[in-house]
Amino acid sequence: MKILVTVKRVVDYNVKVRVKSDGSGVDIANVKMSMNPFDEIAVEEAVRLREAGIATEVVAVSCGVTQCQETLRTAMAIGADRGILVESADELQPLAVAKILKALVDKEQPQLVILGKQAIDDDSNQTGQMLAALTGLPQATFASKVVVADGKATVAREVDGGSETLSLKLPAVITTDLRLNEPRYVTLPNIMKAKKKPLETLKPADLGVDVAPRLKTLKVAEPPKRSAGVMVPDVKTLVEKLKTEAKVL
Ligand code: AMP
């Protein structure tokens, strides 16, 4: 069984992003970039399935600029067997990525595609769902447990107030939630090994995909500044203020 796993290069989650002065987006010049955290979980899950003898090959895919090669090397250091970079300097919106992935699903014929539930830069939470729609494959989003056996994936997913368990016929699309697993640390020997693993580079046009943006960002703004708090001398004053000023009691 082959697993396709997606890895997006995003601004590192520890970086506090700054909005550009013209409000056209966030400034990513000279900012640390890393693998999207939900995608680390996706790679970890795929590699565990291979280590358990359920999967035979894990193929990592990244779409974007040349430097996404680094993200693919990290995926291979976690344990992916090979990487595919779909290289483009254009902005790739979720629909464009989903179309690229659809073309790769047709080409590679994986039994399982594992994506992150959300990219922490655009917070779209769309690509997995769009890919499932374009391919006509069953999907389980926000997975917190995945069991693969007998041509099926049994997926527990996080829903409001509890968990829901689905059974999907393979091939299928799964998106990862935070509690699915804890990704391993990447070791130096594995980083060295990853350098020798195959990395193929394609262009969207090689896959016959039109990646032109369908959405235009009108404005990006910082959240409003919080006003300073006040110290209250006692509980009586606090209750009074909650009633008369905050009007929450
Ligand atoms: P999004 O719909 O943008 O929130 O992204 C959801 C998931 O789709 C991410 O966690 C990735 O697994 C995958 N994805 C989105 N964009 C890309 C990309 N440019 N390259 C590889 N994977 C991507």
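**Entry 1: the annotated stretch**

I began with residues 23-211, where the chain is 30% helix and 31% strand and the end C-alpha atoms lie 24 Å apart. Helices (H or I, at least four residues) and strands (E, at least two) are DSSP runs, numbered from the N terminus. UniProt, in an unreviewed entry, places the feature "domain: Electron transfer flavoprotein alpha/beta-subunit N-terminal" at residues 23-211; such annotations may be inferred rather than shown by experiment.

A note to myself: this is a predicted model, in which local features need pLDDT of at least 70 and side-chain atom pairs count only at pLDDT 80 or more, while totals for chains, interfaces and linings use all residues. Residues are numbered from 1 along each chain as its sequence is written, and side-chain values use heavy atoms, with hydrogens and water left out.

**Entry 2: the sheet**

Next I traced an open sheet of nine strands, in the order S9-S8-S7-S10-S6-S1-S4-S5-S11, with mixed pairing. Two strands pair if DSSP finds at least two bridges between them. Strand S9 (162-169) and strand S11 (199-202) are the edges, each pairing on one side only.

I then stopped at S10. Ala140 stands opposite Ile174.

Is S10 mostly covered or mostly open? I found it mostly covered, with five of its five residues buried (under 20% relative accessible area; exposed is over 50%, partly exposed in between, with a 1.4 Å probe and protein chains only). Ala172, Ile174 and Thr176 point one way, Val173 and Thr175 the other.

**Entry 3: the cores**

Which residues touch the most other members of the largest nonpolar core? Of its 35 residues, they are Val5, Val43, Leu112, Val155 and Ile174. A nonpolar core is a set of buried Ala, Val, Leu, Ile, Met, Phe, Trp, Tyr and Cys residues joined through side-chain atoms within 4.5 Å. Among the elements giving two or more residues to this core are helix H1 (37-51), strand S1 (2-6) and strand S10 (172-176). A second, separate core of 25 residues includes Ile84, Val86, Ala96 and Leu202.

I looked up Ile174 again: leaving out residues up to four places away in sequence, its contacts (heavy atoms within 4.5 Å) include Leu112, Ala143, Val155 and Leu168.
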